[in-house]
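Work through the exercises below with the sequence and the model side by side. Try each task before reading its solution.

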Amino acid sequence: MAEFTAAVQLIFTIIIGMYFFMRLRNESGNEKAAVQDGKREAERINRMRHISLTEPLTEAARPTEMSGIIGQDNGVRALKAALCGKNPQHVLIYGPPGVGKTAAARLALEEAKKSPSTPFAKNAKFIEADATIMRFDERSIADPLIGSVHDPIYQGAGAFGDAGIPQPKEGAVSKAHGGVLFIDEIGELPPVQLNRLLKVLEDRKVYFESAYYSENNKKIPTYIHDIFQNGLPADFRMIGATTKSPNDIPEAIRSRCVEVFFNELNRSDIIKILENARVMIGLALADGVIEYIADYARNGRDSVKILQTLSNTVSLDGRYIAELKDAEWVIKTGHYTKNDAKIIDISFVKTKNN
Ligand SMILES: Nc1ncnc2c1ncn2[C@@H]1O[C@H](COP(=O)(O)OP(=O)(O)OP(=O)(O)O)[C@@H](O)[C@H]1O
Ligand SMILES: [Mg+2]
C-alpha cells in the first residue's frame, strides 16, 4: 500500500513539475517573441525615417515673412497691432478660403518676437491645433486641445496603472504656455470644447479631475499632486482662423478676441503671389503665362497649386520653361473656370432667384 501511495505521489509530482516546466518555457518563449517583434518594429520605423520625399512645392512657396503676405495690408496691420505690442491679445481671423489666413497666423509669433516690448520670450512656442479633427470625448480620456487624465482603469498594466495613480496629460493649451496657440478652422470646434477653451482663457490654467485622485495618496508623485491642486499652466495668446462669417461664431469667443478680416484677392494680388511663388519654386515661365493663370486662379492657394502642376508637367518633359500651351493644358485638365465667368454665373443665379 505504502509503495502504491509513493508511486501515485511520484506520478503527481512529475505531472505538476511538467506543467510548471511547460508554463515557464511558454512564458520565456512569449517574452523572446515580444523582444523579437519589438526589434523588428524598431528597425521598420528606423527604415521609414530614412525615406523622405522632396519638399512639396506648395511648402516651398509658403511666405516666410509677413511682407510676403500679399493683398492683406489692413488684415496684416490689424493682426500685428493685436499681437505684436506689449499687451498681445487673442485674435480671430476671418476670410474666404486660400487668401493667407493660415500663412499669416504662422508668421505672427516670430513677427511679435521682433518687437522690443513683446512679452513673448525668444523660445516662446507656436502650437497648431486643427479644430476639424477635435472631437468631443465625453469621458475626457483623450483631449488633445485641453488635456486629459489617464486614469488607472484605462492605463492598464504599467507603473502608474498598477499603483492606481491618475496621470494628467497636457493638451495644446498647456504646450502653448507662454506662446501662441493657433486654432485653424475654429468655427468647427464642438460647442463643449469651445466652452472648455473659454474657461482656460479665463483661468489661464487647466484644472483636472479624477475619481482616482486623493490628496492623501502617498504613492502619487509630488508633481501630480501639484497639477491636481494648482492646475496646469496654460497662459497663451490664441489666434483662431475661420472661413465662417462673424455671425456664425459664438459671441462668447468673439467678445474675447480682436477680430481681423482678410479679404478676397484681386487680380493684381494674384499676379504678385504667382510671381513670388515662381521665384521661390524656381520655375521659368514664358511671357503671358502669369497673366493667363491669374485669369483662372481664384485665390492664393489655387495660384500655388496651378504653378506646382505646371512645374511638374514641364520637368516631366525634361524642359525648363513653362510655355503658354502648358498652362492652358493645366487649366483645362484641372477644370478651372475663368474668374470673369464666375461673376457672370453668380449674377445669373441671383437674377433667377429674385
Ligand atoms: N495673401 C497671400 N499672400 C501670399 N501667399 C498666399 C496668400 N494667400 C494664399 N497664399 C498662398 O496659398 C497658400 C495657402 O494659403 P493659406 O493656407 O494661408 O489660406 P487660408 O486663408 O488659411 O485658407 P483656408 O481658409 O482654406 O484654410 C499659402 O501657403 C501661400 O502659399
Ligand atoms: Mg487655413
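**Exercise 1: a stacked pair**

At 46% relative accessibility, phenylalanine 261 counts as partly exposed, since buried means under 20% relative accessible area, exposed over 50%, and partly exposed in between (1.4 Å probe, protein chains only). This is a predicted model: local features need pLDDT of at least 70, side-chain atom pairs count only at pLDDT 80 or more, and totals for chains, interfaces and linings use all residues. Residues are numbered from 1 along each chain as its sequence is written, and side-chain values use heavy atoms, with hydrogens and water left out.

Task: Classify the aromatic pair of tyrosine 94 and phenylalanine 261.

Solution. 
- Step 1. Apply the rule: rings of Phe, Tyr and Trp (its six-membered ring) pair if their centres lie within 6.5 Å; planes under 30 degrees apart count as stacked, over 60 as edge-to-face and the rest as tilted.
- Step 2. Locate the partners: tyrosine 94 lies in strand β1 (residues 91–94) and phenylalanine 261 in strand β9 (residues 258–261), 167 residues apart. Helices (H or I, at least four residues) and strands (E, at least two) are DSSP runs, numbered from the N terminus.
- Step 3. Tyrosine 94 has a relative accessible area of 3%, so this residue is buried.

**Exercise 2: a second pair**

Task: Is the pair of tyrosine 213 and phenylalanine 228 stacked or edge-to-face?

Solution. 
- Step 1. The ring centres lie 4.3 Å apart with planes at 15°, so tyrosine 213 and phenylalanine 228 are stacked.
- Step 2. Tyrosine 213 sits in the loop between β6 (205–206) and α9 (222–230), while phenylalanine 228 belongs to helix α9.
- Step 3. Tyrosine 213 is buried at 18% relative accessibility, and phenylalanine 228 is buried at 10%.
- Step 4. The aromatic pairs come to 4 in this count.

**Exercise 3: the nonpolar core**

Task: Find the residues with the most contacts inside the largest nonpolar core.

Solution. 
- Step 1. Define the core: buried Ala, Val, Leu, Ile, Met, Phe, Trp, Tyr and Cys residues joined through side-chain atoms within 4.5 Å.
- Step 2. The largest such core has 53 residues, and Ile239, Ile293, Leu307 and Leu310 have the most contacts inside it.
- Step 3. Helix α4 (residues 101–113) gives the largest share of this core, 7 residues.
- Step 4. Take Ile239: among the residues it touches are Leu83, Val91, Phe182 and Ile183, not counting residues up to four places away in sequence. Contact means heavy atoms within 4.5 Å.
- Step 5. A second, separate core of 36 residues includes Ala131 and Ile249.

**Exercise 4: helix α13**

Task: What does α13 pack against?

Solution. 
- Step 1. Helix α13 (residues 300–316) has 17 residues.
- Step 2. Among its buried residues are Val304, Ile306, Leu307 and Leu310.
- Step 3. The buried residues of α13 pack against α2 (57–60), α11 (267–281), β10 (284–285), α12 (289–294), β11 (321–322) and α14 (324–333).
- Step 4. Just after α13, glycine 318 takes a positive phi of about 70°.

**Exercise 5: positive phi**

Task: Where are glutamate 185 and arginine 204 found?

Solution. 
- Step 1. Most residues other than glycine have a negative phi.
- Step 2. Glutamate 185 has a positive phi near 55° and is found in the loop between β5 (180–184) and α8 (191–203).
- Step 3. Arginine 204 has a positive phi near 60° and lies in the loop between α8 and β6.
- Step 4. Glutamate 185 is partly exposed at 28%, and arginine 204 is partly exposed at 44%.

Technical notes
Chains are lettered from A and ligands numbered from 1 in the order in which they are written. The expected span of a helix is 1.5 Å times one less than its number of residues.
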